[in-house]
Amino acid sequence: LDMLIKTATHDLENYDKAHHEEFKKYEMMKEHERREYLKTLDEEKRHQEEAKHEEMKKKHSDHPKVNHPGSKDQLKEVWEESDGLDPNDFDPKTFFKLHDANADGFLDEQELEALFTKELEKVYDSKNEEDDMVEMEEERLRMREHVMNEIDINKDRLITMEEFMRSTEKKEFSEPESWETLDQQPAFTEEDLKEFESHIFQQEDELHKQALELQKKKEELRQQQDFLQTQKQQLEMAIKQIEQKKLQQGHPPSSPDGELKFQPAVSQLDGNVQNHPVGGNQPLTPGNIPVQETAVRPDPVQSHP
């Protein structure tokens, strides 16, 4: 069981790491596309776009204070606004039981992340142009990782009641440091962006070469098709000329396999060939020898004495 838990924990850690890498690429791509777009504008419009960008950043950063995740102030805010309880009656043990949704004795990662919704709503609103919901989910992940690192003593990615109660006894629980949001911690440096763009330009160059190669092959196929079509037309023309010559010479036209298209007419009756009268010097055959009529002579009558 311990090995299974360690394996699952390792897989989840790799998932979080991959998520952070993808988010970093996402942020760099956004900035890359923004800068490339600015290059297409004239000086006046470029200044307008840059001013708008700075205004959006300022609006996004203008939000209420975000409580330190896992701190007493943060949990009391959930207790009051989400649970609807009197903040003066805040009790960590009761809080743990309230948010152990499946009552298994642990706060898992999903149950922890649900505790940060109120804090995230201070910073992000899907209706605001300046707020990016992808960034909100990255912020949620950062908060969960921070609390796990602070409270999860045995690193099994589950928080027990004992671990939770121990965390409430620390000084950081009552007097935490201020929490820096993503807008206060850039996801990448200029060096990171340059390396990322270099990779993009290299990929674009490779794609351009592949596109040219495909266009070349397409042109070659078109030329082959034109050549075959020309050969087909020449062959059809040659066949027509041959048929016309045959007609001029009194020969019936032939079918593509060389056989006559028309056969001499033959009269048939009940399946037997009817012979025509023989005349002139036509040679006689057993089938057309004329039948001669002969008189039938009666046998002589013998007289008896």
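At 4% relative accessibility, Val-78 counts as buried. Here, buried means under 20% relative accessible area, exposed over 50%, and partly exposed in between, with a 1.4 Å probe and protein chains only. The structure is a predicted model, in which local features need pLDDT of at least 70, side-chain atom pairs count only at pLDDT 80 or more, and totals for chains, interfaces and linings use all residues. Residues are numbered from 1 along each chain as its sequence is written, and side-chain values use heavy atoms, with hydrogens and water left out.

Val-78 sits in helix 3. Helices (H or I, at least four residues) and strands (E, at least two) are DSSP runs, numbered from the N terminus. Leaving aside neighbours within four places in sequence, Val-78 is in contact with Asp-83, Phe-95, His-99 and Leu-115. Contact means heavy atoms within 4.5 Å. Val-78 and Thr-117 are 39 residues apart in sequence, yet their C-alpha atoms lie 8.9 Å apart.

The protein as a whole has ten helices and four strands. Their order from the N terminus is α-α-α-α-β-α-α-α-β-α-α-α-β-β. Of its 305 residues, 26% count as buried. Among contacts with a separation of 6 or more, 63% are between residues 24 or more positions apart.

Asp-16 and Leu-141 are 125 residues apart in sequence, and 8.0 Å separates their C-alpha atoms. Not counting residues up to four places away in sequence, Asp-16 touches Leu-141, Arg-144, Glu-145 and Arg-157. The side chains of Asp-16 and Arg-144 are joined by a polar contact of 2.9 Å. A polar contact is a pair of N or O atoms within 3.5 Å; within protein, one must be able to donate a hydrogen and the other to accept it, and residues adjacent in sequence count only if both atoms are side-chain atoms.

Helix 7 covers residues 133-151. Its 19 residues reach 27 Å from the first C-alpha to the last, close to the 27 Å expected at 1.5 Å a residue. The expected span is 1.5 Å times one less than the number of residues. At the start of helix 7, a side-chain oxygen of Asp-132 comes to within 2.9 Å of the backbone nitrogen of Val-134.

Ile-151 is in contact with Ser-167, as is Phe-173, leaving aside neighbours of Ser-167 within four places in sequence. Ser-167 lies in helix 8 (residues 161-167). At 9% relative accessibility, Ser-167 is buried. Its side chain reaches the backbone oxygen of Phe-164 at 2.5 Å.

Most residues other than glycine have a negative phi. Arg-157 has a positive phi of about 65 degrees although it is not a glycine. Arg-157 lies in the loop between helix 7 and strand 2 (159-160) and is buried, at 11% relative accessible area. Ala-103, also not a glycine, has a positive phi of about 55 degrees. Ala-103 is in the loop between helix 4 (92-99) and strand 1 (106-107). At 64% relative accessibility, Ala-103 counts as exposed.

An unreviewed UniProt entry annotates residues 87-122 as "domain: EF-hand". Such annotations are given in the numbering used here, with shortened feature names, and may be inferred rather than shown by experiment. The end C-alpha atoms of this span lie 19 Å apart, and the span is 56% helix and 6% strand.

A cavity is a set of points where a 1.4 Å probe fits but cannot get out; a pocket is an open set with protein on both sides within 12 Å along at least five of seven lines; lining residues have an atom within 4 Å of a point. Grid points are joined across faces, edges and corners, and a volume is the space filled by probe spheres set on the points.

The largest pocket has a volume of about 970 Å³. Its lining has 27 residues, of which Lys-30, Glu-31, His-53, Lys-57 and Glu-135 lie nearest the centre. Helix 1 gives the largest share of this lining, eight residues.

One cavity of 30 Å³ or more was found. The largest cavity holds about 50 Å³. Residues lining the largest cavity include Leu-107, Leu-115, Ile-151 and Phe-164. Helix 3 (72-81) and helix 7 are the elements that give two or more residues to this lining.
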